[in-house]
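Here is a short briefing on one protein chain. Look over the sequence and the fold, then read the points below.

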Amino acid sequence: TYQVEINWNNCVVLSDCITVTTLGIKNEEHHHIMLYPNPSKGIFYLRGIETATVSVYDISSKYIGRFNLKSQEEGVDLSNYPAGVYTIKVQDEKQKVKTFKFIKM
């Protein structure tokens, strides 16, 4: 949580507190994989990987489902699920995993 204080000629002004959270986990081995659009109304795509197994978890880490993608044009459709934050785990053919946070509006 961050807050800014401005002090000028004995006059002090404080900003509102702002909470900053991250939306991804850095993994150098998969820096080329991108999940887009994020946020969206439910459908997202992966760029930078042809085939992948995508596992989806809700905010409480409950397993939602698995999707096997065979091309970059194939999307994952979560439009029937409630709005919220989801964890997306992408596993490539070499069994390497990259994790994303996905926001469904």
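Two strands pair if DSSP finds at least two bridges between them. Strands (E, at least two residues) are DSSP runs, numbered from the N terminus. This is a predicted model: local features need pLDDT of at least 70, side-chain atom pairs count only at pLDDT 80 or more, and totals for chains, interfaces and linings use all residues. Residues are numbered from 1 along each chain as its sequence is written, and side-chain values use heavy atoms, with hydrogens and water left out.

**Sheet**
- S3 pairs with strand S4 (residues 43–47) in the antiparallel sense, over three bridges.
- Tyrosine 36 has tyrosine 45, in S4, as its bridge partner.
- Three strands make up an open, antiparallel sheet, in the order S3-S4-S7.
- Strand S3 (34–36) and strand S7 (76–77) are the edge strands, and each pairs on one side only.

**Isoleucine 6**
- Isoleucine 6 sits in strand S1 (residues 5–8).
- Isoleucine 6 counts as exposed because its relative accessibility is 52%; the cut-off for exposed is over 50% relative accessible area, for buried under 20%, with partly exposed in between (1.4 Å probe, protein chains only).

**Threonine 87**
- Strand S8 (residues 84–91) holds threonine 87.
- Threonine 87 has a relative accessible area of 14%, so this residue is buried.
- Leaving aside neighbours within four places in sequence, threonine 87 is in contact (heavy atoms within 4.5 Å) with Ser55, Val56, Tyr57, Thr99, Phe100 and Lys101.

Technical notes: Helices (H or I, at least four residues) and strands (E, at least two) are DSSP runs, numbered from the N terminus.
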